[in-house]
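Dear colleague,

Please find the sequence and structure below.

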Amino acid sequence: MMKIGLVSVSDRASQGVYQDEGIPSLKAWLAKTITTPVEFVEALIPDTQSEIEATLIRLVDNENCSLVLTTGGTGPAIRDVTPEATLAVGTKEMPGFGEQMRQISLYYVPTAILSRQVAVIRNQALIVNLPGRPKAIEETLGGVLGEDNEVIVHGIFSAIPYCLDLIGAPFIETDESICKAFRPKKK
């Protein structure tokens, strides 16, 4: 069974000032999309680089999460340090994920260019920074769909199962009516 780490990075939500929406949004989208059994490991933490780094390391190295999705802390504000923490714990950068997320978000808002999401490989795990807002999370994971549900811009999750295959993580399947996982055809 695959373990998926879900990390919400927010000073105010971690202090109880308001209810975290990142983890519930991630869980809801993943639960309806992934058809193979998965277990979620959650963390709600403040915007502190050392704590983000320690949480990512714990989820991959100790909790054995093969996929870690973060939400929040990816903008240009002084306290937004999720990308720096992610890059610090990774062994390989996966720039295509950030590029694709910005492309998707630009379809909706011109401020997407302010987004700094990154993705990295650590050991046999993929760590991806997602935006902080639930609507933006769903858009970047699922992509831009037209009126007849045709794909206009692919979401990043369509590439995640194959990336996990390539790094030796557990195999996952998706509900193709929500997000078709791309894998090359076998010869």
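In these notes, buried means under 20% relative accessible area, exposed means over 50%, and partly exposed lies in between, with a 1.4 Å probe and protein chains only. Helices (H or I, at least four residues) and strands (E, at least two) are DSSP runs, numbered from the N terminus. The structure is a predicted model, in which local features need pLDDT of at least 70 and side-chain atom pairs count only at pLDDT 80 or more, while totals for chains, interfaces and linings use all residues. Residues are numbered from 1 along each chain as its sequence is written, and side-chain values use heavy atoms, with hydrogens and water left out.

Helix α6

In helix α6 (residues 134–142), the buried residues are A136, I137, E139, T140, L141 and G142. Their cover includes α2 (22–33), β3 (67–71), α5, β6 and β7, where contact means heavy atoms within 4.5 Å. Just after α6, G143 has a positive phi of about 90 degrees.

The sheet

Two strands are counted as paired if DSSP finds at least two bridges between them. On that basis, six strands form an open sheet of mixed pairing, in the order β2-β1-β3-β6-β5-β4. The edges are β2 (38–45) and β4 (92–93); each has a single partner strand, so one side of each is left without a neighbour in the sheet.

Strand β3 is mostly covered, as five of its five residues are buried. L67, L69 and T71 point one way from β3, V68 and T70 point the other way, and all are buried. In a regular strand the side chains alternate between the two faces of the sheet. Five bridges link β3 in the parallel sense to β1 (residues 2–9), and S8 has T71 of β3 as its bridge partner. The pairing of β3 with β6 is also parallel, over five bridges, with L126 in β6 as the bridge partner of L67. By contrast, β4 and β5 run antiparallel and are joined by two bridges; here K92 is partnered by I121 of β5.

Loops and surface

Which non-glycine residues have a positive phi? N123, at about 55 degrees, is one of them, and N149, at about 65 degrees, is another. Most residues other than glycine have a negative phi, and most peptide bonds are trans. N123 lies in the loop between β5 (119–122) and β6 (125–130), and its relative accessibility of 51% is why this residue counts as exposed. N149 sits in the loop between β7 (143–145) and β8 (151–154) and is exposed as well, at 56% relative accessible area.

Y107, Y108, V109 and I152 make a nonpolar surface patch of about 370 Å². Like charges are joined within 9 Å, and nonpolar side chains (Val, Leu, Ile, Met, Phe, Trp, Tyr) within 5 Å. Accessible areas come from the Shrake-Rupley method with a 1.4 Å probe; for residues, only the protein chains shown count as cover.

Cysteines

The structure holds zero disulfides, a disulfide being a pair of cysteine sulfur atoms within 2.5 Å. For C65, the nearest cysteine sulfur is that of C163, 15 Å away; C65 is buried, at 2% relative accessible area. For C179, the nearest cysteine sulfur is likewise that of C163, 14 Å away, and C179 is buried at 6%.

With kind regards

Definitions and conventions:
Patches are made of residues with over 30% relative accessible area and no salt bridge: like charges are joined within 9 Å, nonpolar side chains (Val, Leu, Ile, Met, Phe, Trp, Tyr) within 5 Å. A salt bridge is a side-chain nitrogen of Lys or Arg within 4 Å of a carboxyl oxygen of Asp or Glu.
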